[in-house]
Every structure is written in structure tokens, then in C-alpha cells.
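I opened the model today and kept notes on what I looked up. The entries follow in the order I made them.

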Amino acid sequence: MMRVGVVFDNTVRPETTGVYCYRALGELASAGQISVVEHLLPRELDSSVADRFDLWIVVDDGLDYDLPARIPPVAWWAIDTHLSFKRCWKQARRATWTFCAQKSGAEQLNRVGIAAEWLPLACDPAVHGQRPIERTRDVAFVGNMIGEERIRLLQLIQARYPNSFNGRAYFEDMALAYNSARIGFNRSIADDLNMRVFEVLCSGTMLLTNRLEGSGLSELLRANEQFVDYTSDKDLFEKLDYYLSHDAERERIAAAGRAEVLSQHTYRRRMETILNVVERGQSPVVRATVAEKPVEYFEFDRPDVLGRVDNHASRIMVAAKCRNAM
């Protein structure tokens, strides 16, 4: 059975995505689907660590670091391609398999010669799930006050609905913040499909998010049935007023959204997807050539890209040897 190392740093951000991946893989280990799972901090990696594992799942934590010279097959889950594309691309160059939380990020990487699969973010039911508490607040937003448009809207919401929560909260405190509210608000920084979308839905609170064109959200969930979106200030406040005064309709949408994410969009399911791809030895075909790449993505020439298909083939052979040795 497979021995998996999960590489991420949680010393800067305790709620980073890797924490939930590690918890999900722990569940799979308990169920006998993998033999070993261990959290590896990037700063503690060296070539000797590679021998202990059949696979590293490297989860984007927003930090820029280099992997050791010698590594096992690597599944790289890029999260923040919308914020730091070059950093994500650099890590993807060394990965055997690349997954992207942002659909547009997967498309970008494919255009520049990196075979990437869209794998959206998710929720952890044990952390983000429903709590048996009363909804005493109107609106809840858990996150950072960054981005001009997000800050502006949060200030307007707080002024109009002072009985709301707006700020940082982690794990149980986050769950309590969302569970105590009638509506969970989201404004993405760059129309990204962020963690908040899934966390609000998992809590059983109705999600009201900015319309995320091109994010793939409409492929995962149905607007006005499992969540609600808005397109302007007028639309936002009309919908806030409406759903705050129509409890039954709001709770019906919230329940439908929660049921869907619990069924299809948990971190356990995401980790199972990665492991299934690895176990089948699959790797998408690299389609782009050097001439097709937008030059703004690179600071230097990339003659090595043409050899990437061969690199993928050799890495898949390594992964296959690991599986055959189990």
C-alpha cells in the first residue's frame, strides 16, 4: 500500500489547505486505503526523506521554496494560480502530476506546456460542518480584509446589517461564525473559486457570492437552488434583504447546498481523486509547444519544455515501480 508524504507549511497560516488534505488522508489511512501518511514541512525536506515515501502530495501554501534534488513522484495541487502564476508554474515543472484549484489556472498551465487537471477546493465536514446553534446574526464573512472591492462591500454590509460578523476565525470558531449567521457572504479577490464557497455551504448557511464567471462554479452547483449569487451593489442588497426575510426559502437553498458539498466536494474526495490518478499511472498529454507559449509567462527561454513528455513517461514508470513493490 502507498506511503504518502503531504508537503505544506502551516506555521504561517494555520488554516492552509494542506491541513485539510492531511486530515483527509488520515481518514483514508484509517480506512486502509493507504498505509502511511505523514506531514512534511518544506524546510525539513532533504533528499534522504524521499526514500520513505511512494508519493509526495505537495499542497500550495502560498510560499516559494525548492524541492530537494531527489524526490519521489509528486502530485502538486496549485491553489493560488490567480495570485502567483509563475510560482505555481515553477513547482509544476518538477511535478509528475499537476492539479489546479482554479479552472483558469489549469487552462493557463496547459497553454504553457504543463499538463494540469482542474481540482476545485473543498470542505472538511468535521471542521466546517453544521452546529446545533441558533442563527442570531444576519451575515457572516470569515477572512481577510484585502482587496478594494471586498473591503468596500464589507463596510457597506456592516453599516446596513450591524448584527453581522466580519473578521478572521479559524476551525471551530469559523464554523460557529457561519452557523450563527443566516447568510454567509463571499467576495472573491480575482473571481477565484475560493475555500470560503465550500466552507459556508458545508456549515448549512446559505451562500451569497459574487458571480464567478469562468470559475467553474456553475459546473459544480446550481445557482438559486444550492447557492445565490449577485452581480452589483443593488443586486447584492436586494438579495440580502429578500433572503433575510424569507427564512424557509433561504434554509431550503442552504440545505440543498450543504447536501451537495457533503456528497461531492469534501477534501477526502479530492484526495481520492489524486490517488486514483496516481494509481492508474495517468498523466494528461502535454499539448503546447514552445512556440505557443505567451512570452510574458517566462523570464528565460525554455528549450527543455519539448522534452517534458519524456519526463512524464519516466516519472510514471517510477510511480509504477513503487506500486508494484507494495
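Which residue of β3 does Gly5 stand opposite? I found Trp56 there.

**Entry 1: ground rules**

I am working on a predicted model, in which local features need pLDDT of at least 70, side-chain atom pairs count only at pLDDT 80 or more, and totals for chains, interfaces and linings use all residues. Residues are numbered from 1 along each chain as its sequence is written, and side-chain values use heavy atoms, with hydrogens and water left out. I took helices (H or I, at least four residues) and strands (E, at least two) as DSSP runs, numbered from the N terminus.

**Entry 2: the six-stranded sheet**

I traced an open sheet of six strands with parallel pairing, ordered β2-β1-β3-β4-β5-β6. Two strands pair if DSSP finds at least two bridges between them. At the edges I noted β2 (36-40) and β6, each with a single partner strand, so one side of each has no neighbour in the sheet. From one strand to the next the twist averages 20°. For this and other angles, axes are lines fitted to C-alpha atoms, for helices over the stretch in contact, and angles run from 0 to 180 degrees between N-to-C directions.

I then checked β1 (residues 3-7) and β3 (residues 55-59): they run parallel and are joined by four bridges. Helix α1 (residues 17-30) packs on the sheet and touches β1, β2, β3 and β4 (74-78). Contact means heavy atoms within 4.5 Å. The direction of α1 makes about 165° with that of β2. Helix α3 also packs on the sheet, touching β5 and β6, and its direction makes about 165° with that of β6.

**Entry 3: helix α3**

I looked up burial along α3 (residues 103-111) and found Gly105, Ala106, Gln108, Leu109 and Asn110 buried. Buried means under 20% relative accessible area, exposed over 50%, and partly exposed in between (1.4 Å probe, protein chains only). What do the buried residues of α3 pack against? I listed α2 (85-93), β5 (97-100) and β6 (116-118). Just after α3, Gly113 has a positive phi of about 95°.

**Entry 4: the five-stranded sheet**

I found an open sheet of five strands, also parallel in its pairing, in the order β8-β7-β9-β10-β11. Its edge strands, β8 (165-167) and β11 (228-230), each pair on one side only. The twist here averages 25° from one strand to the next. Three bridges hold the parallel pairing of β10 and β11, and Asn210 stands opposite Tyr230 in β11. Helix α6 (residues 172-179) packs on this sheet, in contact with β7 (137-142), β8 and β9 (181-186), and its direction makes about 145° with that of β7.

**Entry 5: Ser215**

Is Ser215 buried or exposed? Ser215 is buried, because its relative accessible area is 4%. I placed Ser215 in the loop between β10 (206-210) and α8 (217-220). Next I looked for polar contacts (N or O atoms within 3.5 Å; within protein, one must be able to donate a hydrogen and the other to accept it, and residues adjacent in sequence count only if both atoms are side-chain atoms). A polar atom of the Ser215 side chain lies 2.9 Å from the backbone oxygen of Leu212. The side chain of Ser215 also reaches the backbone nitrogen of Leu217, at 3.2 Å. Leaving out residues up to four places away in sequence, Ser215 touches Lys103, Trp118, Asp191 and Leu193.

**Entry 6: nonpolar cores**

I counted a nonpolar core as a set of buried Ala, Val, Leu, Ile, Met, Phe, Trp, Tyr and Cys residues joined through side-chain atoms within 4.5 Å. The largest has 53 residues, and Leu25, Ile57, Trp77, Tyr267 and Met271 have the most contacts inside it. A second, separate core of 23 residues includes Ala92, Ala106, Val112 and Ala116.

**Entry 7: aromatic pairs**

Rings of Phe, Tyr and Trp (its six-membered ring) pair if their centres lie within 6.5 Å; planes under 30 degrees apart count as stacked, over 60 as edge-to-face and the rest as tilted. By this rule I have seven aromatic pairs. The ring centres of Phe141 and Phe185 are 6.3 Å apart with planes at 55°, so I logged the pair as tilted. Phe141 is in strand β7 and Phe185 in strand β9, 44 residues apart, and both are buried.

The ring centres of Tyr242 and Tyr243 are 5.0 Å apart with planes at 90°, so this pair is edge-to-face. Tyr242 is partly exposed at 33% relative accessible area, whereas Tyr243 is buried at 7%. My last item was one aromatic cluster formed by Tyr20, Trp77, Phe171 and Tyr267.
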